[in-house]
Amino acid sequence: MKRQSNLQRLLGYAGAHKYLTYASWILSAVSALIALVPYWYIWRIIREVLAVAPDFGQAQGLVHNGWMAVLFAVAAVLVYIAGLMCSHMGAFRIATNLRLAMLEHIIRLPLGAAEAFGSGKLRKIVNESSAATETYLAHQLPDRAGAIATPCGLLALLLVFDWRLGLLSLVPVLLGFLIMMAMTGPRMQQKMKEYQDALDDMSNEAVEYVRGIPVVKTFGQTIFSFKKFKGSIDRYQKWVIAYTKELRTPMMCYTAAVNGVFVFLIAGALLFTRDGVTAQFLLNLMFYIIITPIISVTLTRIMFQSENAMIVDDALQRIDSILNLRPLPEAQRPQHPRDASVELSHVRFSYDGQKDALRDISLAIPAGQTVAFVGPSGGGKTTLANVISRFFDPQGGAVRIGGVDVRDISKEELMNTVSFVFQNSRLLKDSILENVRLGRPEATREEVLAALENAQCADILEKLPNGVDTVIGTKGVYLSGGEQQRIAIARVMLKNAPILILDEATAFADPDNETKVQSAFSRLSQGKTVIMIAHRLSTVANVDRIYVIQNGAIAESDSSRELMERDGLFRRMWENYQTSVQWKVAKEA
């Protein structure tokens, strides 16, 4: 199958607006040709002036020719503006449809895939890569049509008056093209990719840096605490400086070549006038001196269009990096879970296909039971929860909810069956009402307020200027980590899913907020299957069963009392935890 060109792919997103894009090319080319007509009238003015000199009063056509030059110049501008209007309408529609296509695809992706990609990188591709195509379609393509039409018309003008001077004028064009090809070849394409990679890297690290600012302030660290972010800036600086130095010499040669047409014209004029200067030759020479600056302008436009074409090619490759991510397969014949039980059978999962993050995990959680996943950091607790929520599909084994493989449950029903409270819940820049209503979009205002009340959010609403209608993130309205967590719990309460997964949900809460969050959890957990991921072992003392996860496997499992009676990993973790909570800062005497 023949691969579509970048332009064909972009026009595929234009719909009926692609005809406006075609019209913009025609209008731009017509504008470029009309823009050359004034030069012909200027040549007529110069010819008449030379013909009547020194008695300039005999010149009868100066005013007419001058006004005709102005008329065609204005007409060229108006036609070009009409072309830009057409191109912008088409470009805006294409960029909009591209963004919609990416966002719709991202929504269908498993959450784990989107998180692995990086939110900063995703944002940059969705916003900036689509914007690059918009600039290309709205400006560069119409200009390319004009840049193609201009040399055609210019070639006729250069050769019709004095073919010798015309050919001399084309020498710098040839030199400029050779230098341009050296600068904009396959190696330049690779350099453009490296440039965009460096920008993506900085964008991703910048997002992570901003999110970590509270930690920096808490521990009094500087920017150098974020070595990855600083490293990405240093790498970008090093690359840009090296690339600029590399292109310095060819760019100087290119600039000298395309602006050096006068050198060739003067040298040719001296050669061609060895036997004397005629009025006709002088007329033609003056005309070429006036018109040849168009050559350097046209070449420069072509060069930047070549660069922009590479930017668009790179942008489409980055867009494809999102669109090529495969959504999890949908169930052809969806089945319905019979209850809220969770069962894993010999589950194996790997992020990179080499080292297993989960190894032969088998467990069963009856409906309505509360269990906890504990264990050393990096042991696989969150990965296990992600597999249960189907943020990823395991490479081996099966995950069942209510006796049904999660792969046989429709995406909508699975999302309505499982709720997830993250360690660091994020709220949208919208009202608290709409943030909570995300849990169940059809919910009434009264149902949202009831969920907020049950989530212990009354004190939050009381201090906000517009209560539940207050927009977060505007006019200095921001919430603490614990307050955001309670709003997120209200959202989950409104959703009222039968299975609840809590991933270190009180990690960033202060003592006061933690008490309220725990109270909200107590209400939220009633009658539900609850899976808790916790480092604070005091929060899991009363759960029905504890699974100790180490190195991607279940090291031991039982009630907290039974585990404390054994000399195992949980007991050692509990003893270490009790020691840590008794630590105090000694005051110097």
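Helices (H or I, at least four residues) and strands (E, at least two) are DSSP runs, numbered from the N terminus, and the expected span of a helix is 1.5 Å times one less than its number of residues. The model in these views is predicted, so local features need pLDDT of at least 70 and side-chain atom pairs count only at pLDDT 80 or more, while totals for chains, interfaces and linings use all residues. Residues are numbered from 1 along each chain as its sequence is written, and side-chain values use heavy atoms, with hydrogens and water left out.

View A. Helix α9 covers residues 227-258, and its 32 residues should span 46 Å at 1.5 Å a residue; the end C-alpha atoms are 45 Å apart, which agrees. Buried residues of α9 include Phe-229, Trp-239, Tyr-243 and Tyr-254; buried means under 20% relative accessible area, exposed over 50%, and partly exposed in between (1.4 Å probe, protein chains only).

**View B. A nonpolar patch on the surface.** Val-63, Trp-67, Val-70, Val-74, Val-77, Leu-78, Ile-81 and Met-85 make up this patch, with about 820 Å² of accessible area together. Patches take residues with over 30% relative accessible area and no salt bridge, joining like charges within 9 Å and nonpolar side chains (Val, Leu, Ile, Met, Phe, Trp, Tyr) within 5 Å. A salt bridge is a side-chain nitrogen of Lys or Arg within 4 Å of a carboxyl oxygen of Asp or Glu. The areas come from the Shrake-Rupley method with a 1.4 Å probe, and for residues only the protein chains shown count as cover. Ile-81 belongs to helix α3 (residues 62-108) and is partly exposed, at 42% relative accessibility.

View C. Most residues other than glycine have a negative phi. Asp-360, in strand β2 (residues 356-365), has a positive phi of about 50°. Asn-551 has one of about 55°; look for Asn-551 in the loop between β9 (545-550) and β10 (553-558), where it is exposed at 56% relative accessible area.

**View D. Tyr-288 and Leu-157.** Tyr-288 sits in helix α11 (residues 279-291) and is buried, with a relative accessible area of 0%. Tyr-288 and Leu-157 are 131 residues apart in sequence, yet 9.2 Å apart in space, C-alpha to C-alpha.
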